[in-house]
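Work through the exercises below with the sequence and coordinates open. Each task is followed by a solution in steps.

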Amino acid sequence: MQKELTKKNERVEEVFHLFIKHIQGFLDEAKLNHEEYTNFVNWADRLGRSGEFPLYADVFLETHVLKAMYTEKPGTQPSLLGPYFIEGSPLIEAEPGKPLVLTQRPDEAGEVLYFKGNVSNVDGKKLANTRVEMWHNDASQKYSAFDSDAPRYNFRGHFYTDENGDFEVKSIVPLPYSIPTDGPTGEFLEYTDQHPMRPAHLHLMFEAEGHETLITQVFFEGDEYLETDVADGVRLDLLTKLIDKGSHKEASLNFVMRTV
Ligand code: BEZ
Ligand code: FE
């Protein structure tokens, strides 16, 4: 007799039961009446139809997953991947005697930034040839490929650390920005009287063989939104100083990856 095909998945079953149990606990605790319940269902329906569910989840939930997984572990703290990562960024190669330059237009507005980093692991080994992916917003506070006139991969690229685990890349200083406020996520922020701003940040993703991929962000001391980041992505070990060098700014941070 042919074996019956089953879709049963024990992990889904376990997580689903917990999800329903806690949603029911939430309904009890919040004492939602039927009208409020219906309003909530309608709002969730608008959220799904607007295509903003990834944004909403990354603003209000992603940081909790990361804190639960990593706060107690050694190594650089991960931060939000967020909704603005895209695959396929160009490889940035060093020209002899010149720094790596993150993809940008010739007349790009913004303050020039030289960002230096070093990548090692929790055992102190320098990680040569680590793949580093970097992306951030431009002087109009937009991410390329998202509601922006810039080319698809503007301020997006990947490169590799040198034999000492070091890298240096020329770009511009990213700016604080508002998450979209004209959809159901913004509606929710208005109801709770919360501003929609994220502090300025660089996004970085590190991949090295034998190590956990590290997805994180770098923030700058003195940014007015560090303590009230709408997406709660700031961690103390991800803060660096922007040093004013007259014609440009410099910043640096060291990154520590976990072994698998
Ligand atoms: C971001 O890092 O760009 C981001 C993260 C979470 C929500 C929205 C944006
Ligand atoms: Fe971002």
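**Exercise 1.** Which residues in the largest nonpolar core touch the most other members?

*Solution.* The model is predicted: local features need pLDDT of at least 70, side-chain atom pairs count only at pLDDT 80 or more, and totals for chains, interfaces and linings use all residues. Residues are numbered from 1 along each chain as written, and side-chain values use heavy atoms, without hydrogens and water.

Step 1. Take buried (under 20% relative accessible area, 1.4 Å probe, protein chains only) Ala, Val, Leu, Ile, Met, Phe, Trp, Tyr and Cys residues and join them through side-chain atoms within 4.5 Å.

Step 2. The largest such set has 27 residues, and F115, F159, F167, L204, F206 and F255 touch the most other members.

Step 3. Elements giving two or more residues to this core include β2 (112-121), β5 (166-172) and β12 (249-257), as DSSP strands (E, at least two residues). β12 gives the most, with 4 residues.

Step 4. Another core, of 14 residues, lies apart from it, with L55, Y56, F60 and V230 among its members.

**Exercise 2.** List contacts of F167 (heavy atoms within 4.5 Å).

*Solution.* Neighbours within four places in sequence are left aside; the partners then include F115, V119, V132, F159, F206 and F255.

How values were computed. Chains lettered and ligands numbered in written order. Buried < 20%, exposed > 50% of the residue type's maximum accessible area, 1.4 Å probe, protein only.
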